[in-house]
Amino acid sequence: MVKIAWHEQYVHPLPEGHRFPMLKYELIPQQLLHQGWISSEQLFAPDLLNEELVLRSHDPKYWEHLKMLSLPPKDQRRIGLPLSRQLVERELRIAQGTVEGALHALEDGIAFNVAGGTHHAGSDWGEGFCLLNDQAIAANYLLDKGLVGRVLIIDLDVHQGNGTAEIFADDRRVFTFSMHGDKNFPFRKERSDLDIPLADGVGDAEFLKKLAEVLPGLMHHKPDFVFYLSGVDILDSDRLGKLCLSKAGCRERDRLVFQFCRDHGLPVQVSMGGGYSPQIKDIVDAHCMTFKTGIDIFD
Ligand SMILES: [Zn+2]
């Protein structure tokens, strides 16, 4: 049975008018249940991540600042969310959901987190709504426990996975692949093991062609586990992304990734990443389709 991490604390109240769409974290599990694509037994509520696991991927000083809510104002502004104890707890739960999801994926082939994909968080900084890097934390956990030997991170959010790239810059066991809008945030990019920057306005045909070309070559790294970051801010309707994929194109992107994992016997943990279309329905529909596509391929 495919497992999905979700906790009511994922839906954290933010000040009125905030640009970060928190509502999707409430609506996605509701819609998945309503459609009958999942059942409630598939949802699990993650606890708070153990501090030791934070420190395996993040700098002790940075973590201390988060924990004590003492991050300097300019570093808080870089995160773009008002720092609070609840927000830090939310991030710890999300990261724990990804760690446990990775363990479930080893059993079931695939597992999801209804949040996460906090790929802008680097070893000693938070940025772009990300405090702690959930998939980096989970990758280090699997490697440290000897559960996997080599990891592949496929990051297809419209924004570059700069934090993930930095955390694993010197770790040859982890191959980081990011395909993203070139002219988009973060404006100072890190170097992933493979970066494919895309021009503004790229649509379904070019995006899917590039992805289909590149996936087979990723096996040269000999991964035995995949973390997939499935941001839906690649949609034409997105107000932060500058790409122009349709919903069908976004679904085909997910299908290509999941089929690649399935064909090579690679377990995959999926974190959601961004989605900022003005209509919440567009965001929720696209994310839910990622869940359905993955579950259909692995079930
Ligand atoms: Zn994004």
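## The enclosed cavity

A cavity is a set of grid points where a 1.4 Å probe fits but cannot get out, and its lining residues have an atom within 4 Å of such a point. In this predicted model, a search of the whole structure finds one cavity of 30 Å³ or more. The largest cavity has a volume of about 40 Å³. Its lining is made of Ile153, Asp155, Gly161, Thr164, Thr176, Phe177, Ser178 and Ser192.

Two elements give two or more residues to this lining, namely E4 and strand E5 (174-181). The largest share, three residues, comes from E5. By class, the lining of the largest cavity divides into two nonpolar, five polar and one charged.

## The zinc site

Three residues of the protein supply donors to the zinc ion: Asp157 through OD, His159 through ND1 and Asp233 through OD. These donors lie 1.9 to 2.1 Å from the zinc ion. Along the sequence, the donor residues follow the spacing D-x1-H-x73-D.

The pair of histidine 159 and aspartate 233 links distant parts of the chain, 74 residues apart. Histidine 159 belongs to the loop between strand E4 (151-155) and helix H7 (162-167). Aspartate 233 belongs to the loop between strand E7 (225-229) and helix H9 (247-263). Are these two residues buried or exposed? Both histidine 159 and aspartate 233 are buried.

## The two largest pockets

The largest pocket holds about 350 Å³ of space. It is lined by 27 residues, of which the closest to its centre are Phe20, His120, Gly128, Phe129 and Tyr276. The elements that give two or more residues to the lining are helix H1 (24-34), helix H4 (73-79) and helix H5 (85-108). H5 provides the largest share, three residues. The lining of the largest pocket comprises nine nonpolar, eleven polar and seven charged residues.

The second largest pocket has a volume of about 150 Å³. Among the residues that line the second largest pocket are His18, Arg19, Phe20, Pro21, Met22 and Leu23. Arg239, Ser277, Pro278, Ile280 and Ile283 also belong to this lining. Its classes are seven nonpolar, two polar and two charged residues.

## Aromatic pairs

A pair of aromatic rings is described by the distance of the centres and the angle of the planes. A search of the whole structure finds eight aromatic pairs. One of them joins phenylalanine 20 and phenylalanine 129 in a tilted arrangement, with 4.6 Å from centre to centre and 50° between the planes. Phenylalanine 20 lies in the loop between strand E1 (3-5) and H1, and phenylalanine 129 in the loop between strand E3 (110-113) and helix H6 (134-144), so this pair ties together parts that are 109 residues apart in sequence. Both phenylalanine 20 and phenylalanine 129 are buried.

Tyrosine 228 and phenylalanine 258 form an edge-to-face pair, with 5.5 Å from centre to centre and 85° between the planes. Because tyrosine 228 lies in strand E7 and phenylalanine 258 in helix H9, the pair ties together parts that are 30 residues apart in sequence. Tyrosine 228 is buried, as is phenylalanine 258.

## Cysteines without disulfides

How many disulfides does the structure hold? The structure holds zero disulfides. A disulfide requires a pair of cysteine sulfur atoms within 2.5 Å. The sulfur of cysteine 244 is 13 Å from the closest cysteine sulfur, that of cysteine 250, and is therefore too far away for a bond. For cysteine 250, the closest cysteine sulfur is in cysteine 288, at 12 Å, which is again too far for a bond.

The surroundings of these residues can also be described. Cysteine 244 is partly exposed, with a relative accessible area of 33%, whereas cysteine 250 is buried, with a relative accessible area of 1%.

## Helix H6

Why is H6 described as largely enclosed by the rest of the structure? The reason is that ten of the eleven residues of H6 are buried. These buried residues include Asp134, Gln135, Asn140 and Tyr141. Also among them are Ala136, Ile137, Ala138, Ala139, Leu142 and Leu143. H6 is followed by glycine 146, which has a positive phi, near 70°.

Definitions and conventions:
Residues numbered from 1 in each chain as written. Predicted model: local features only at pLDDT ≥ 70, side-chain atom pairs only at ≥ 80, totals over all residues. Heavy atoms only, no water. Donors = N, O, S within 2.8 Å, 3.2 Å for Na, K, Ca; no water. Helix = DSSP H or I, 4+ residues; strand = E, 2+ residues; numbered from the N terminus. Buried < 20%, exposed > 50% of the residue type's maximum accessible area, 1.4 Å probe, protein only. 1 Å grid on protein atoms, 1.4 Å probe; cavity = no way out; pocket = protein on both sides within 12 Å on 5 of 7 lines; lining within 4 Å. Points joined across faces, edges and corners; volume = space filled by probe spheres on them. Nonpolar A, V, L, I, M, F, W, Y, C, P; charged D, E, K, R; others polar. Phe/Tyr/Trp six-rings, centres within 6.5 Å; stacked < 30°, edge-to-face > 60°.
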